[in-house]
Amino acid sequence: MSGILDAEQDESRDGAAPRRQGEGKSTFEIVAREDFSDVTYLLEISHPAMAKAAKPGQFVIAIPHEHGERIPLTIADFDRSKGTITLVIQAVGKTTKEIQRNFSVGSALFGVVGPMGTPSDIGAVGEGGKVICVGGGLGVAPVFPQARGFKENGAYVIGVVGFRSESLVFWKDKFESVCDEFIICSDDGSIGMKGLVTAGIEAAIEKHGEIDEVVAIGPPIMMKACAETTRGHAIKTTVSLNPVMIDGTGMCGGCRVKIGDRMKFACVDGPDFDAHAVDFDDLMNRLHRFAEEEKLAVEKWSETCRAGS
Ligand SMILES: Cc1cc2nc3c(=O)[nH]c(=O)nc-3n(C[C@H](O)[C@H](O)[C@H](O)COP(=O)(O)OP(=O)(O)OC[C@H]3O[C@@H](n4cnc5c(N)ncnc54)[C@H](O)[C@@H]3O)c2cc1C
Ligand code: FES
């Protein structure tokens, strides 16, 4: 871990009213917000040191407020000249819904720690090499910096993105701008090719033959399907795993993943791994370990919101 900045130390303010969520002198100010749908939103955060240090494939641990939960989020974009990083978040549970509801431009997160994780091996596909970058749903955001990195390195980049339907599409133009070819798929056929991203991968392989690498990011079930699609073609395939993470530093063991016959910690050994060696069924089982607690946390938080409004 190259943790360059830690959570803000909340100085005691004798006699002062407690800070509201997101209020304070934190450096992690939200400078832009965009809502892509009811559940997906983007936060651009001022963080010059992180913007300077971030590399494709890395993530941060975000802490919304002093008593908030720590959650891992991929650095979906970074702008070194503006000194900002971008997070794209899906509101799935208590903390991601809390951030969606309570944080807007001008407010600030309590802590943003990182950059964490081993950067993606962008140099693996050299100049003139061909790579397919696949994003499923929210996965479009974390695979974007990798696609841009490959392109900057001189690789021929084929983008394959998939959404359930057109209304959920985001970053189409942005993603397309770093690709030599771009295929968009939708489950219902409302935009692009009707079908899953695996159909887009098959189409690209059929057209090009020689592909040096496929990078796929999205829900585990989608990454598993991508791995099965490329296995038969013997194409090197990399996925970014998202097990439950707690400290993000290799200390707690919470993010254990099975890679071949070895146990790895996704936060320090990954999150990128060889897709053909990942035990996806184990990953999916472990992701649901705390389902009951997570449900209760949302219910309790929703009650607090209702009481407060
Ligand atoms: C390396 C990495 C990068 C990620 N990048 C993004 C991203 O860019 N955008 C995004 O929206 N989500 C991302 N996630 C997932 C995100 O961390 C979880 O959605 C979030 O922690 C859920 O918290 P919650 O309180 O809102 O929901 P909860 O109700 O607590 O959990 C909902 C589901 O999210 C997962 N989850 C819960 N807690 C954690 C945790 N501490 N670590 C990982 N997963 C957890 C579990 O599958 C759980 O069933 C990433 C996860 C990892 C490991
Ligand atoms: S999150 Fe604790 S070891 Fe990876």
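Q: Where is proline 115 placed?
A: In this predicted model, proline 115 belongs to strand S7, which covers residues 111–116.

Q: And what is the peptide bond from glycine 114 to proline 115 like, cis or trans?
A: The bond that leads from glycine 114 into proline 115 is cis, and its omega is near -5°. A cis peptide bond also joins glycine 270 and proline 271, with omega about 10°, and proline 271 sits in the loop between helix H7 (266–269) and strand S16 (272–274).

Q: OK, and which value is given for phi of tryptophan 171?
A: Tryptophan 171 has a phi near 60°, which is positive even though the residue is not a glycine. This tryptophan 171 lies in the loop between S9 and helix H4 (172–176), and with 18 other C-beta atoms within 10 Å it is partly exposed.

Q: What about alanine 234, is that buried or exposed?
A: Alanine 234 is exposed, because 8 other C-beta atoms lie within 10 Å of its own. Its phi is positive too, about 55°, and its place is in the loop between H6 and strand S13 (237–240).

Q: Switching topic: how many residues of H3 are buried?
A: Eleven of the 13 residues of H3 are buried, so the helix is largely enclosed by the rest of the structure. Among them are Val140, Phe144, Gln146, Arg148 and Phe150.

Q: What should the 13 residues of helix H3 span?
A: At 1.5 Å a residue they should span 18 Å, and this agrees with the end C-alpha atoms of H3 (residues 140–152), which are 18 Å apart. After H3 comes glycine 154, with a positive phi near 95°.

Q: Which residues is valine 157 in contact with, leaving aside its neighbours within four places in sequence?
A: Valine 157, found in strand S9 (residues 156–163), is in contact with Val131, Cys133, Ala147, Phe150, Lys151, Val178, Cys179 and Asp180. Valine 157 counts as buried because it has 26 C-beta neighbours inside 10 Å.

Q: Now the sheets: in what order do the four strands of the open sheet come?
A: The order is S1-S2-S6-S5, and the pairing is antiparallel. Strand S1 (30–35) and strand S5 (77–79) stand at the edges with a single partner strand each, so one side of each has no neighbour in the sheet. From one strand to the next, the twist averages 20°.

Q: How many bridges join strand S2 to strand S6?
A: Seven bridges join S2 (residues 40–46) to S6 (residues 84–90), and the two run antiparallel. Within this pairing, serine 46 stands opposite threonine 84 in S6.

Q: And which way do the residues of strand S4 point?
A: Ile71 and Leu73 point one way and Pro72 and Thr74 the other, and all are buried. In a regular strand the side chains alternate between the two faces of the sheet. Strand S3 (residues 59–63) is joined to S4 by four bridges, running antiparallel, and isoleucine 61 has proline 72 as its bridge partner.

Q: Last one: at what angle do helix H6 and helix H8 pack?
A: Helix H6 (residues 220–231) and helix H8 (residues 280–287) pack at about 180°, with axes 10 Å apart, which means that H6 is roughly antiparallel to H8. Pro220, Met223 and Lys224 in H6 meet Phe280, Leu283 and Met284 in H8, and the residues of this contact divide into five nonpolar, no polar and one charged.

Technical notes. Residues are numbered from 1 along each chain as its sequence is written. Chains are lettered from A and ligands numbered from 1 in the order in which they are written. This is a predicted model: local features need pLDDT of at least 70, side-chain atom pairs count only at pLDDT 80 or more; totals for chains, interfaces and linings use all residues. A residue is buried if 20 or more other C-beta atoms lie within 10 Å of its own, exposed if 12 or fewer, and partly exposed in between; C-beta atoms are placed from the backbone. Two strands pair if DSSP finds at least two bridges between them. Axes are lines fitted to C-alpha atoms, for helices over the stretch in contact, and angles run from 0 to 180 degrees between N-to-C directions. Angles under 35 degrees count as roughly parallel, over 145 as roughly antiparallel, 65 to 115 as roughly perpendicular and the rest as oblique. Two residues are in contact if their C-beta atoms, placed from the backbone, lie within 7 Å. Ala, Val, Leu, Ile, Met, Phe, Trp, Tyr, Cys and Pro count as nonpolar, Asp, Glu, Lys and Arg as charged, and the others, Gly among them, as polar. The expected span of a helix is 1.5 Å times one less than its number of residues.
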